[in-house]
Amino acid sequence: MSYHIPVMKSEVIDALRVEEGKTYLDATLGGGGHTGAIIERGGKVVAIDRDDDAIEYCKSRNLSGVTYLKGEYERAEELLDGAGIAFVSGAVMDLGVSSHQLDDPTRGFSYSKDGPLDMRMDKTNPFSAYDVVNGYAEHELVDILRRYGEESFAKSIASAIVKRRAGAPVKTTAELSEIICSSVPHRKGAHPAKKSFQAIRIEVNGELKGLFGAVESIFKRIERGGRLAVITFHSLEDRIVKTAFKEFSTDCICPPSFPICVCNHRAIGKTIARIRPSQDELDINPRSSSATLRVIEKL
């Protein structure tokens, strides 16, 4: 099985307009699908990931022209500075969890595979899903389930978790999934635990807290005429990216009630595209169904 199936790979590479000899940033390396495609077009890549498994896997592929940097995309500018790279010709961010992380039960991301309650993208991080599920107060659990999972049954799920852990800590994904499933009405389609697992994973990894700043700082390091391609997988991510792109491509960002512009903000980008997966891709990779690719060009 592939480490990770990259979503909209050809669309991303076409959008970046990869040129031979130029350097591109892959801020979410994963299994190296987008990185490998850039290399195939003759580009060079600076690849960032917080997951040691991803970096080691891609190194084993012996891809030439890749500089690997361990860290979060929120630290992209710091990592680029450390590597002596001022600007890149384009960048890609493939947000969310990788296929490998979902499919490996020991990583604890999946509600359909039993494993330890973990969900850490960076395994050196001492804070895990176990700490959220067993350490957060009931009102805190309700808050993250609503905010990051948009879960309408957040209260009943949080209450059930607190009652269960009063007897013994919740230790596995199967146990957590069972608690959630027993706390909500039957749903057609999506698994009852999907939203809650998403919410807890986002909380563990701080995925949304620094996303706007990361998109902003990465776009700052792209050369004029270069492009940033961002793939999101749920409305919370997409809303942040859409807001960032709108700000980058708008001259004045003053409130509409202001009679004249006082912000002196000037557009630094031009929105190029919003792309959804093709039917062919959906047939091959059903996990791509919620993906949205947004592309912006540096002015």
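Q: In which sense do β5 and strand β7 (residues 292-298) pair, and over how many bridges?
A: Strands of a sheet pair through backbone hydrogen bonds, and the pairing is either parallel or antiparallel. Here β5 and β7 pair in the antiparallel sense, over six bridges. Two strands count as paired if DSSP finds at least two bridges between them. Strands (E, at least two residues) and helices (H or I, at least four) are DSSP runs, numbered from the N terminus. Within this pair, Ile231 stands opposite Leu293 in β7. This is a predicted model, in which local features need pLDDT of at least 70 and side-chain atom pairs count only at pLDDT 80 or more, while totals for chains, interfaces and linings use all residues. Residues are numbered from 1 along each chain as its sequence is written, and side-chain values use heavy atoms, with hydrogens and water left out.

Q: Which strand is joined to β5 by six bridges that run parallel?
A: That partner is strand β4 (residues 88-94). The bridge partner of Gly90 in β5 is Arg227.

Q: How many of the 11 residues of strand β5 (residues 222-232) are buried?
A: Buried means under 20% relative accessible area, exposed means over 50%, and partly exposed is in between (1.4 Å probe, protein chains only). Eight of the 11 residues of β5 are buried, so the rest of the structure largely encloses this strand. For side chains in general, a regular strand alternates them between the two faces of the sheet.

Q: What is the order of the strands in the open sheet?
A: The seven strands follow the order β3-β2-β1-β4-β5-β7-β6, with mixed pairing. At the edges are β3 (66-70) and β6 (269-275), each of which pairs on one side only. Averaged over the sheet, neighbouring strands are turned by 15 degrees against each other, direction ignored. At one end of the order, β6 pairs with β7 in the antiparallel sense over six bridges, and Gly269 has Lys298 in β7 as its bridge partner.

Q: Which strands does helix α1 (residues 9-16) touch as it packs on the sheet?
A: Contact means heavy atoms within 4.5 Å. Helix α1 touches β1 (23-26), β4, β5, β6 and β7, and its direction makes about 165 degrees with that of β5. Helix α3 (residues 52-60) lies across β2 (44-49) and β3, at about 160 degrees to β3. Axes are lines fitted to C-alpha atoms, for helices over the stretch in contact, and angles run from 0 to 180 degrees between N-to-C directions.

Q: What span does helix α10 (residues 194-205) reach from its first C-alpha to its last?
A: The expected span of a helix is 1.5 Å times one less than its number of residues. With 12 residues, α10 reaches 17 Å, close to the expected 16 Å. An α-helix has 3.6 residues a turn, so residues three or four places apart point the same way. In α10, however, 10 of the 12 residues are buried. These buried residues pack against α6 (129-135), α7 (138-149), α8 (154-167), α9 (173-181) and α12 (235-248). Just after the helix, Gly206 takes a positive phi of about 55 degrees.

Q: Is Gln198 buried or exposed?
A: Gln198, a residue of α10, counts as buried because its relative accessibility is 17%. Leaving aside neighbours within four places in sequence, Gln198 is in contact with Tyr148, Gly149, His234 and Leu236.

Q: Does Lys209 count as buried or exposed?
A: Lys209 lies in the loop between α10 and α11 (211-220) and counts as exposed because its relative accessibility is 62%. With neighbours within four places in sequence left aside, Lys209 is in contact with Tyr148 and Glu203.

Q: How many residues does the largest nonpolar core have?
A: A nonpolar core is a set of buried Ala, Val, Leu, Ile, Met, Phe, Trp, Tyr and Cys residues joined through side-chain atoms within 4.5 Å. The largest one has 59 residues, and Ile200 and Ile218 are among those with the most contacts inside it. Not counting residues up to four places away in sequence, Ile218 touches Leu25, Ala27, Tyr73, Ala76, Ala91, Met93 and Leu228. Another core of 25 residues lies apart from the largest one, with Leu29, Ile55, Cys58 and Phe233 among its members.

Q: How many helices and strands are there in the chain?
A: The chain has 13 helices and seven strands. Its radius of gyration is 20 Å, close to the 19 Å that the globule rule gives for 299 residues, so the chain is as compact as a globular protein of that length. This radius is taken over C-alpha atoms, and the rule is 2.2 Å times the number of residues to the power 0.38. Of the 299 residues, 51% count as buried.
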